[in-house]
Amino acid sequence: MICEESFSVETKYREPEVKEARFDKGTVNLLKVDRDKLASSVAAYVVNSIMADADAIALDAARRLLGFALHLSPRNRDAVIANFQFKKGLPRKKIQPEYSPVTLAEVLQSRATFLIKNGGELNVALAGYMLSVAVQVDSTNETAIYELEMYRKDIGSIDWSSLVGEESKVKEPKVKEPK
């Protein structure tokens, strides 16, 4: 007698753990209104680009991006609603983004460059995440790709664990203070 079993692995969205917003602080060289606008734009990108039948890789990307958005602006309406809908497996309405993906990537990349030039541990860490998000949003943005690779070479790898609520997998980045 042959017994066949079907094992289906259901992909499920895991909510990022945002206990204290890392970048919603006055010490970050981005205005609160700019952080909120970026959080809305990233949330819109996630909602508009990740389909209902997304695989585990896409859902992990959604978790990272929404974690990033919530760390920028923890009370951002679009990010909070998107996170809830992904968590509950609810259908999502398309969000009218303020920026197209190409423009969003350019804005993230230019703001990241500005933050690196300003220096400071929090600014430099935020810049790394912004560059990583920029490349994910628009993988044809060669300036963002170059800046991300230089960031990794000069400062270190991007550690998403602190934004999504996991144990850190990489060592702390080296931070150069401005001259």
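**Note on a predicted helical model**

1. Tyrosine 129 and tryptophan 160 are both buried, where buried means under 20% relative accessible area, exposed means over 50% and partly exposed lies in between, with a 1.4 Å probe and protein chains only. The structure is a predicted model, in which local features need pLDDT of at least 70, side-chain atom pairs count only at pLDDT 80 or more, and totals for chains, interfaces and linings use all residues. Residues are numbered from 1 along each chain as its sequence is written, and side-chain values use heavy atoms, with hydrogens and water left out.

2. The overall composition may be stated briefly. The chain has seven helices and zero strands, and its elements run α-α-α-α-α-α-α from the N terminus on. Helices (H or I, at least four residues) and strands (E, at least two) are DSSP runs, numbered from the N terminus. Of the 179 residues in the chain, 43% are buried. Contact means heavy atoms within 4.5 Å. Among contacts between residues at least 6 apart in sequence, 72% join residues at least 24 apart.

3. The aromatic residues deserve attention. A pair of aromatic rings is described by the distance of the centres and the angle of the planes. Rings of Phe, Tyr and Trp (its six-membered ring) pair if their centres lie within 6.5 Å; planes under 30 degrees apart count as stacked, over 60 as edge-to-face and the rest as tilted. The structure holds three aromatic pairs. In one of them, the ring centres of tyrosine 129 and tryptophan 160 are 5.1 Å apart and the planes stand at 70 degrees, so this pair is edge-to-face. Tyrosine 129 belongs to helix α5 (residues 121–137), whereas tryptophan 160 is in the loop between α6 and α7 (161–164); the pair links distant parts of the chain, 31 residues apart. Together with Phe23, Tyr129 and Trp160 form one aromatic cluster.

4. A charged group also meets a ring. Arginine 92 lies over the face of phenylalanine 86, at 3.8 Å from the ring centre. A charge sits over a ring if NZ of Lys or CZ of Arg is within 6 Å of the ring centre and within 35 degrees of the ring normal.

5. The next point concerns helix packing. Two packed helices are described by the angle between their axes and the distance between the axes. The axes of helix α4 (residues 101–118) and helix α6 (residues 142–154) come within 10 Å and cross at roughly 35 degrees. Axes are lines fitted to C-alpha atoms, for helices over the stretch in contact, and angles run from 0 to 180 degrees between N-to-C directions. On the α4 side, Gln109, Thr113 and Ile116 meet Thr143, Ala144, Glu147 and Tyr151 of α6. By class, this contact of α4 with α6 has three nonpolar, three polar and one charged residues. Here Ala, Val, Leu, Ile, Met, Phe, Trp, Tyr, Cys and Pro count as nonpolar, Asp, Glu, Lys and Arg as charged, and the others, Gly among them, as polar.

6. Is alanine 134 buried or exposed? Alanine 134, in helix α5, counts as buried at 0% relative accessibility. Not counting residues up to four places away in sequence, alanine 134 touches Ala105, Leu108, Gln109 and Ala144. The C-alpha atoms of alanine 134 and isoleucine 145 are separated by 8.3 Å, the two being eleven residues apart along the chain.

7. Aspartate 24 is partly exposed, with a relative accessible area of 27%. Beyond its neighbours within four places in sequence, aspartate 24 is in contact with Lys32, Arg35, His71, Leu72 and Pro74. Glutamate 17 is partly exposed as well, with a relative accessible area of 41%. Leaving aside neighbours within four places, glutamate 17 is in contact with His71, Leu163, Val164 and Gly165.

8. Serine 100 is placed in the loop between α3 (77–88) and α4. At 35% relative accessibility, serine 100 counts as partly exposed. Serine 100 and alanine 44 are 56 residues apart in sequence and 9.7 Å apart in space, C-alpha to C-alpha.
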